[in-house]
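The sequence and coordinates are shown below.

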Amino acid sequence: MRVEWEKTIATSDHGFLNAKFDGVFAEIDGELRFFSSSIHDRGLNVISIFRDEEETAFSYDFIEERGRTFSIPSCWHVDHKRKCIICDSRYEIDMQSFEVREASEEVCASIREEHERNIKEYLKKYSFGDFEVFQKSEQVYCCVQNGQEKWRIRCQGYLYTPILAYEDKLYWGTDGAGGYFCLVESETGNIVAKIKTGGTNKIVGEGKKRYVLLQGNKPEILELSLETGEITDRVSLPGYACSDSALFWTEKGLYTVTFRAKKGMNTQAVLLFVSFQ
């Protein structure tokens, strides 16, 4: 992997904190767009990324409405069927026209329910055939089959992703207590990989490879094998990254956002593309 390009997309004289800049990638009709907001904006920023074999071009739009102040959504939801971004189950943005409208009560209820489920991953039980896997305490994960405990392991941090399956293995991400990516054998609970990431709430990729963001002042994207648990590739990123940094997978590479501190409190949000070549 390698960083193909980077683009400064926002600058703040007050600094960006984890909860003060967030965003979501959405692909529509072959065009990738990044919707974002910071606590210092009164609107939403949209960056359209036009890609071809030779170059990448950008266009910028700023969405605002008279009498409306946009705060950073705590929940972004991409509705591909209706081609809109739903923010905080309060309003929605048409991904083509950028029209802003109030979200219907039916949509709001559905998104609120999904958001509540997502922020309480550690309370869920995940079923795989005749056994269930769940977090029992901050550091203990259990597998129960037909009412009997099959195995238990220690893995620090609260669950911040679903527990997912790949062939005969399970994997998930945790945050707090250091934050880890965990890969275990589903039958025995034997730990195949336990990689400290600083906090993992996004795991992307397809097939036998997954990608996670290494947080902190020396951020990296790690390519992980779900077959062996090995780190098969890694790339260093500029600036620093946090658990809220966006991460988006495509067949050709990954898009993410990091932050670069300048003199004083000046901070830049940087959009990056990491290719698989």
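In what order do the four strands of the open sheet lie, and is the pairing parallel or antiparallel? In this predicted model, the order is β6-β7-β8-β9, and the strands pair in antiparallel fashion. The edge positions are taken by β6 (76-79) and β9 (100-102); each has a single partner strand, so one side of each is left without a neighbour in the sheet. On average, and with direction ignored, neighbouring strands of this sheet are turned by 25 degrees against each other. Strand β8 (residues 91-94) and β9 run antiparallel and are joined by three bridges. Tyr91 has Glu102 in β9 as its bridge partner. In general, strands of a sheet pair through backbone hydrogen bonds.

**Aromatic pairs**

The count of aromatic pairs in the model is twelve. One of them is formed by Tyr240 and Phe259; the ring centres are 5.7 Å apart and the planes stand at 40 degrees, so the pair is tilted. The angle falls in the tilted class because planes under 30 degrees apart count as stacked and those over 60 as edge-to-face. Tyr240 sits in the loop between β21 (231-236) and β22 (247-249), while Phe259 belongs to strand β23 (residues 253-261); the pair links distant parts of the chain, 19 residues apart. Tyr240 is partly exposed, whereas Phe259 is buried.

Tyr255 and Phe273 form another tilted aromatic pair, with 4.7 Å from centre to centre and 40 degrees between the planes. Tyr255 is in strand β23 and Phe273 in strand β24 (residues 267-275), so this pair ties together parts that are 18 residues apart in sequence. Tyr255 is buried, and Phe273 is also buried. The relative accessibility of the residues in these two pairs is listed here.

| Residue | Relative accessibility | Class |
|---|---|---|
| Tyr240 | 22% | partly exposed |
| Phe259 | 3% | buried |
| Tyr255 | 2% | buried |
| Phe273 | 11% | buried |

**Charges over rings**

Two lysines are placed over aromatic rings. Lys125 lies over the face of Phe134, at 5.0 Å from the ring centre. For Lys194, the ring is that of Tyr180, and the distance to the ring centre is 5.2 Å.

Note on methods: Residues are numbered from 1 along each chain as its sequence is written. This is a predicted model: local features need pLDDT of at least 70, side-chain atom pairs count only at pLDDT 80 or more; totals for chains, interfaces and linings use all residues. Side-chain values use heavy atoms; hydrogens and water are left out. Rings of Phe, Tyr and Trp (its six-membered ring) pair if their centres lie within 6.5 Å; planes under 30 degrees apart count as stacked, over 60 as edge-to-face and the rest as tilted. Helices (H or I, at least four residues) and strands (E, at least two) are DSSP runs, numbered from the N terminus. Buried means under 20% relative accessible area, exposed over 50%, partly exposed in between (1.4 Å probe, protein chains only). A charge sits over a ring if NZ of Lys or CZ of Arg is within 6 Å of the ring centre and within 35 degrees of the ring normal. Two strands pair if DSSP finds at least two bridges between them. Axes are lines fitted to C-alpha atoms, for helices over the stretch in contact, and angles run from 0 to 180 degrees between N-to-C directions.
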